[in-house]
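Student: I would like to learn how to read a few features of a model. Where do we begin?

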Amino acid sequence: MTGDQVSFTPGRLLPLLTHPSGRAATTCLYRCGNQCAHEAPNTSTNTYFGDVVQAVSRRGAFKAGAVMAAAAGGFAAMNALGGATATAAVPPALAGRGRPVPGTDFTPVPPNRADAVVIPDGWAQNVVIRWGDPVVPGAPEFDIARQTAAAQAKQFGYNNDFVGLVPQDRQGKRFLMVVNHEYTTETQMFPPGQYDPANPTEEQVKIGWAAHGLSVVLVEKQRDGGLSVVPSHYGRRITLDTTFEVRGPAAGSQYLKTSADPTGTKVRGTQNNCSGGVTPWGTVLSGEENFHQYFANSDKVTDPAERARLTRYGIGKGTTTRKWERFDKRWDVPSEPNEVNRFGWVVEIDPNDPDSTPVKHTALGRFKHEAANVKITADGRVAVYSGDDERFEYIYKFVSKGKYKPGTSAHARRHNSALLDEGTLYVAKFTGDSPAGQIDGTGKLPADGEFDGRGEWIPLVSGNKSFVDGFTAEEVYVFTRQAADKAGATKMDRPEDIEPNPVNGRIYAALTNNTDRGAAGKAGVDEANPRVGNKNGHILEWAEDRDDAAATTFSWRLLLVCGDPATADTYFGGFPKDQVSPISCPDNVAFDPYGNLWIATDGNALGTNDGLFSVPVDGPERGQVKQFLTVPIGAETCGPNVTSDFVTVAVQHPGEGGTVTNPQSHWPDGGSNLPRPAVVSVWRKRR
Ligand code: FEO
Ligand code: CA
Ligand code: CA
C-alpha cells in the first residue's frame, strides 16, 4: 500500500491507562461505553449451579448424565476416535515432539510489545485493506485532512473486526471478503485541532455513521500467496444509513415502530457489528453488539417497565460520548423510545448480490450478539450459536423449523436465509459434575481432574409460542435478556465467539474474562466459570448429545483456563504447561481444515500485545497452545480465517489510548503516520 499517507509529529509514548478489561481507557470508552466500569446489567437473581446446596444435591444426576452422554456419543466416545482423553498424562519429555500437528507446524512467536504484526520465521505478510481504502467503485482516495461522510461511505470503514471469506471458485483463489466495522474512535480519526469531543460537527458525526457497518470487497490470492483487493462490482459499503429489512416473528412488533418507520419493518442501518460467521449457503451473519452506548438520556424515561428494559440492556444515561443525539433524534431515547429496540440483532448480508437488502433476523433474539455461527442438525435443519458478550450474560442457540437446502445458488441463499425466521430459541444452562466445594475459585482442578459436566438448552420461544412465564413471544424476542433471566440460564464470563468445529463436531466458546466473578454481591464461581476475578478468560467445549445440533442436552468441559502457564490457576487441556504459549482474553475463534482451534485475543492481561494462537483439540497435543502472530501496540486481534495455505486477521484499534497528537502506534504505514485499522494476510513463503 502506498500513497495517501498523512503524518503528524509523533508524541512520546504515554503509559497506557488500562481498565479492568485490560484494554486502554480510550478503547473502553469508544468501543463499549466503558461497559466494564459500570455495574453489569444482569442483576437478576436467577439460579445458577454454583450454588453449593444445589450442586451437591444434583451430583448423582450429573454422573448419570455423563454416562448417558458417553453412550450417546459424548466426549468419551469422541475421544476413542480422536485420541487421548483430556486428562491423559503426556510425558513431558515427549510432549510437543513426535509428529508435527498438521496446521500448527510453525515456531511460536514470543510475547512482545512490538509495533508490528509479528509472524513466525518462514512466513510473509501484507496489508490487504485498511481504513479509508477504496471499496465502492469510484471511491475517492483517502485524505484524512479533508474527509467527508460521502467519501467515507465509499471507503473501508473503521475498526475492522470480523472477516468472512466467501469462496468464489473451487481453487480457493478468489473470495468475497466481508468485514465488520465495529465502532469509531473519533479522537484518532481527524487531524489535530479538528475534532472537539464536546462539540463534534454534523459532518464529523456523519463520518462516524459512514465508518460503521460492513464492507464487501473481492480479494484474490496473489502468486506469492497473499491476498489483494481486486476492483469489482461486488464492492459495497453498508453503513448506518443502509436500509435493513426486519424479518421473523418480531417484524412489525409494537416495540419496533418509530416515527420514521411506523411499520416496524425497515431499519436504517446496523452498528457495532462485532464478529459473525459465514453461512453454508454463502451469506454472512454479523452480530450487533455494544449498541447501548449510542443512545442518550434513558434516565429521562419514566415508565417503570420501559426503564427496567433499558437498564437491563445498559442503555446510556445522559449524553453520549459521540453526541449523535444532537443531529438525529433517533439516538435520544425519550424522543424515539423504540429506536433502541431496532439494534441488538443478528443481521445477514448477501455479498454475492450487491443490490440485496440486508436483513435483521428477529427469531435469533435481541441481545449484545458477539457473533453467529451455523451448524446443520442431524435431520438437516439449521442451528445458530450466539453469545451475549457482557459480564454474567448467556449463551444461546436457535434451531430452525425448516430444512437446509445445500448449495449457494440464489435460490438456496433465499431458502436458507428464510429458515432463520422460524424456529426455536434456547438459552444454555451448565451444570458441573464435581462437588461445589471443590470449585474453590482459584482455578484448582476438582478431584475428577476436569472442569466439566452436563448442560441443557432451555427453550425460550418458538414461533408465536413463549415458554417463559409472564412474557409474550414478542417480548421474548425483543427483550431476550430478561426472558433468559426468568428461565434460569447460567451466567457466564462474557461469552464471545462460539463456533462448531467442522472436523470433530464439537462446539467451542471463548469466555473472554469477568473480573467481577465472585465479587461481593455478584454471582460466585461455578464449574463452568471457575475463577474468582477471572482476568484471563477460558475456552469452553461441548458435545451436543448424539452430535446433533438440535439436541437439548450436551456434555461440556473446559479446554483451556487461560493465563500465564507459570501460574497455578491455568489449565491447557492436560498438556504440559511448560510447553505452551501464554494466552489471555480469548475472543474470536476459528478452525483450520485439520480441526485445530485458532484463538484471537483481545485485552491481553499479561502485559504484552494481543495475538493469534493455534491449539489442537484432539490427540496427544490437545491443549498445546502456540502463538502464531502478534498484533501492534494497542490492537486486538480479530476475524481470523485459517486455510491450509494462508491466514487472515483484522487488526482492530492499533494505537488505542493514543490521540492524533500522541499516537501510540504508527502501524501499518510506519514513520510518523497515524495508525489505521487494517486486514492482514499471512502466508508461508515458498521454500
Ligand atoms: Fe466486540 Fe465482544 O467484542
Ligand atoms: Ca468435574
Ligand atoms: Ca469480539
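**Reading the calcium sites**

Tutor: D587 is buried, with a relative accessibility of 1%. Keep in mind that this is a predicted model.

Student: Is E496 buried or exposed?

Tutor: Buried. Its relative accessible area is 2%, and the cut-off for buried is under 20%.

Student: Which residues coordinate the calcium ion (ligand 2)?

Tutor: D433 (OD), S434 (OG), D448 (OD), D448 (OD), E450 (O), D452 (OD) and E527 (OE). The distances run from 2.2 to 2.7 Å. Along the chain the pattern is D-S-x13-D-x1-E-x1-D-x74-E. S434 sits in the loop between β17 (423–432) and β18 (452–462), while E527 sits in the loop between β22 (507–511) and β23 (538–544). They are 93 residues apart, so the pair links distant parts of the chain. Both S434 and E527 are buried.

Student: Now the rings. How many aromatic pairs are there?

Tutor: The count comes to 28. Take F106 and F628: 5.0 Å centre to centre, with 80° between the planes. Planes over 60 degrees apart count as edge-to-face, so this pair is edge-to-face. F106 lies in the loop between α3 (75–82) and β1 (123–130), and F628 in strand β29 (residues 626–630). The two are 522 residues apart. Both are buried: F106 at 7% relative accessibility, F628 at 0%.

Student: Which residues form an aromatic cluster?

Tutor: W209, Y294, F295, W324, W331 and F343 form one. R268 lies over the face of W209, 5.6 Å from the ring centre. Likewise, the charged end of K360 sits over the ring of F244, 5.4 Å from its centre.

Student: Last, a loop residue. Where is P675?

Tutor: In the loop between β31 (646–652) and β32 (678–684). P675 is buried, with a relative accessible area of 3%.

Student: What is P675 in contact with, leaving aside neighbours within four places in sequence?

Tutor: Q188, P654, G655, P663, S665, H666 and W667. P675 and I633 are 42 residues apart in sequence, and 9.9 Å apart in space, C-alpha to C-alpha.

Methods:
Residues are numbered from 1 along each chain as its sequence is written. Chains are lettered from A and ligands numbered from 1 in the order in which they are written. This is a predicted model: local features need pLDDT of at least 70, side-chain atom pairs count only at pLDDT 80 or more; totals for chains, interfaces and linings use all residues. Side-chain values use heavy atoms; hydrogens and water are left out. Donors are N, O and S atoms within 2.8 Å of the metal (3.2 Å for Na, K and Ca); water is not among the atoms, so sites may look incomplete. Helices (H or I, at least four residues) and strands (E, at least two) are DSSP runs, numbered from the N terminus. Buried means under 20% relative accessible area, exposed over 50%, partly exposed in between (1.4 Å probe, protein chains only). Contact means heavy atoms within 4.5 Å. Rings of Phe, Tyr and Trp (its six-membered ring) pair if their centres lie within 6.5 Å; planes under 30 degrees apart count as stacked, over 60 as edge-to-face and the rest as tilted. A charge sits over a ring if NZ of Lys or CZ of Arg is within 6 Å of the ring centre and within 35 degrees of the ring normal.
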